Amino acid sequence: MIERRLARSIQVGGVTVGGTAPVIVQSMTNTDTRNTSATVDQIARLASLGCEIVRIAVPDMQAAQTLAEIKKGSSIPIIADIHFDYRLALAAMESGVDQVRINPGNIGDDDRVRAVVNAAKDRNIPIRIGVNAGSLPKDADAGKSQSEQMVDAVLKEVRLLEAAGFEDIEISCKSFDVPTTVEANRKISQVVQYPLHLGITEAGLPSSGSVRTAVGLGILLYEGIGDSLRVSLSGDPAVEIPVAYDILKSLNLRQRGPTLVSCPSCGRADVDVAALALAVNDRLSKMTKVVTVAVMGCEVNGPGEARHADVGVACGKGRGAIFCKGEIVRTVQEKDLLEALMEEVQKV
Ligand code: SF4
């Protein structure tokens, strides 16, 4: 059982981040923010997959103003992602966003940060301090490691916000490099109580990027560190959401939808386990119920190896056994395996 670090909690719209809240799944739109309908449609798709908070890039003043319409069409809270120009943060808050993310490396001098803080205070919304390894402040100490430079940048900004009487803070500290991300977040988790948003930035294409993210975030989450996360992959952000849940499900931190267990197959298998697992996965992907389903290649070891599954199939020569919690409940012909298994899944 993972003992999670108890962070302060912040309220991002209707979603609590930190405290005893579950680890929240986030994503980021990749539409042109000025295109309201495309952005609202993408948010709706992300939300339908389980995205709980969405971040939106604010590249210019038109985008900041468009956020008002996007906000009206969004069922989940919105974080405005601000770089370089603090006035965009002010405009985004006027548009009604639920949180702003600023990057200490490029937001400008302390007066500008204070202006953002005062506006956030007035509107009672939190600020995310988001540091990326690739955009550290110009005055970062080059003699220190990258993770130390990231921590310095975060803490400098934290102290600035605290000095302005603001503690509605979330922190993210991301790098492409997994050890750098882990070291920075470990350090920050020890010196402040603010909630931490996790991610491996620019992780890459879905296949390798998912693995990189799972390794990095898996280490931190297992240590109890992390209150929200984003899986940053090149391509359609919808792909990020199931990966995020798979990471959390792997650590028993969240439950969502079916989980497929399938054996790798070996010389004992008499059927094409991979083809059957794919067909089962296709059927399960249309379901939302929390259920663990196993597809195993042989009757000898299958039920025992997948004892933790709610329902499963163990294939034999020309037939297969359907089992529940490791006990065989019926045996059917090979051609009927898929339907018989799904019937049992429906009963769970
Ligand atoms: S369940 Fe059976 S077929 Fe699958 S890997 Fe194990 S022993 Fe091999």
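How do the residues of the shell around the ligand divide into nonpolar, polar and charged? The shell holds 6 nonpolar, 4 polar and 2 charged residues, where Ala, Val, Leu, Ile, Met, Phe, Trp, Tyr, Cys and Pro count as nonpolar, Asp, Glu, Lys and Arg as charged, and the others, Gly among them, as polar. The model is a predicted one, in which local features need pLDDT of at least 70 and side-chain atom pairs count only at pLDDT 80 or more, while totals for chains, interfaces and linings use all residues. Residues are numbered from 1 along each chain as its sequence is written.

The residues around the ligand include Cys263, Pro264, Ser265, Cys266, Met296 and Gly297; a residue is near a molecule if its C-beta atom, placed from the backbone, lies within 6 Å of it. Ser265 belongs to the loop between strand E11 (259-262) and helix H9 (273-284). Helices (H or I, at least four residues) and strands (E, at least two) are DSSP runs, numbered from the N terminus. Although not a glycine, Ser265 has a positive phi of about 75°. Most residues other than glycine have a negative phi. Ser265 counts as partly exposed because it has 18 C-beta neighbours inside 10 Å; a residue is buried with 20 or more other C-beta atoms within 10 Å of its own, exposed with 12 or fewer, and partly exposed in between, the C-beta atoms being placed from the backbone.

Met296, also among the residues around the ligand, stands opposite Ala314 in E13. Strands E12 (residues 292-296) and E13 (residues 311-315) run parallel and are joined by 4 bridges; two strands pair if DSSP finds at least two bridges between them. An open sheet of 5 strands, with mixed pairing, has the order E11-E12-E13-E14-E15. Its edge strands, E11 and E15 (327-333), each pair on one side only. Helix H11 (residues 337-347) lies across E12, E13, E14 (319-324) and E15, at about 160° to E13. Axes are lines fitted to C-alpha atoms, for helices over the stretch in contact, and angles run from 0 to 180 degrees between N-to-C directions. Contact requires C-beta atoms, placed from the backbone, within 7 Å.

Elsewhere, helix H3 (residues 86-94) has the buried residues Tyr86, Leu88, Ala89, Ala91, Ala92 and Met93. Their cover includes helix H2 (61-73), strand E5 (78-82), strand E6 (99-102) and H4. Gly96, which follows H3, has a positive phi near 95°.

Asn124 is in the loop between helix H4 (110-123) and strand E7 (127-132). Its phi is positive, near 60°, in a residue other than glycine. Asn124 counts as exposed because it has 8 C-beta neighbours inside 10 Å.

Methods. Contact = placed C-beta atoms within 7 Å.
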